[in-house]
Amino acid sequence: AHEALKLREIHTELMRTDEFAKRPDDFRTWMKEGEQRSQQLEDALRAFSKDAAAKPAPVDDAFAGLQANCTACHNVYRNVPQGSKKP
C-alpha cells in the first residue's frame with residue numbers, strides 16, 4: 001500500500017507544477033486518472049491487508065486499471081523517440 005501511496009503522491013505533486021498546466025489535455029487527463037487509480041490501488045491494498053479472508057480481485061482490478069492508464073500515457077509521452085514527442 002505504501003508504494004501505491006508514493007505513486008499517488010507523485011501524480012499529485014506533478015499536477016501542482018506550472019509545467020503540468022502547459023501540457024496537452026490528454027496528458028493532464030491521464031495524470032488525473034493516474035492519481036485516482038493510485039488511490040484506488042492503495043485503498044484496495046489496505047483493505048486486503050486487514051482481512052485475511054478477502055479475495056484479491058479488488059486489488060487485481062485496481063492494479064490493472066492503473067497499469068492500463070500508465071501504459072496509455074507512456075505510449076504517447078514516454079515510449080516514443082525524442083524527436084516525435086508531443087510538447
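Start with the lining of the largest pocket: nine of its residues are nonpolar, three polar and two charged (Ala, Val, Leu, Ile, Met, Phe, Trp, Tyr, Cys and Pro count as nonpolar, Asp, Glu, Lys and Arg as charged, and the others, Gly among them, as polar). The model is predicted, with pLDDT of at least 70 needed for local features and 80 or more for side-chain atom pairs, while totals for chains, interfaces and linings use all residues. Residues are numbered from 1 along each chain as its sequence is written, and side-chain values use heavy atoms, without hydrogens and water.

**The pocket.** Its volume is about 180 Å³. A pocket here is an open set of points on a 1 Å grid over the protein atoms alone, where a 1.4 Å probe fits, with protein on both sides within 12 Å along at least five of seven lines; lining residues have an atom within 4 Å of a point. Grid points are joined across faces, edges and corners, and the volume is the space filled by probe spheres set on the points. Select His-11, Phe-27, Met-31, Cys-73 and His-74, the closest to the pocket centre of the 14 lining residues.

**The helices.** Zoom out to the whole protein: four helices and zero strands (DSSP runs numbered from the N terminus; helices are H or I, at least four residues, and strands E, at least two). The C-alpha trace spans about 50 × 25 × 15 Å along its principal axes. Colour helix 1 (2-14), helix 3 (25-50) and helix 4 (57-77), each of which supplies at least two lining residues to the largest pocket. Helix 4 gives the largest share, five residues.

**Helix 3 against helix 4.** Their axes lie 8 Å apart at an angle of about 160° (axes are lines fitted to C-alpha atoms over the stretch in contact, and angles run from 0 to 180 degrees between N-to-C directions). Helix 3 is therefore roughly antiparallel to helix 4 (angles over 145 degrees). The crossing is left-handed (the near helix is turned anticlockwise from the far one by less than a right angle).

**Helix 1 against helix 3.** These axes come within 8 Å and cross at roughly 160°, so helix 1 is roughly antiparallel to helix 3. Helix 1 also passes helix 3 in a left-handed crossing. The contact divides into seven nonpolar, five polar and four charged residues.

How values were computed: Parallel < 35°, antiparallel > 145°, perpendicular 65-115°, else oblique.
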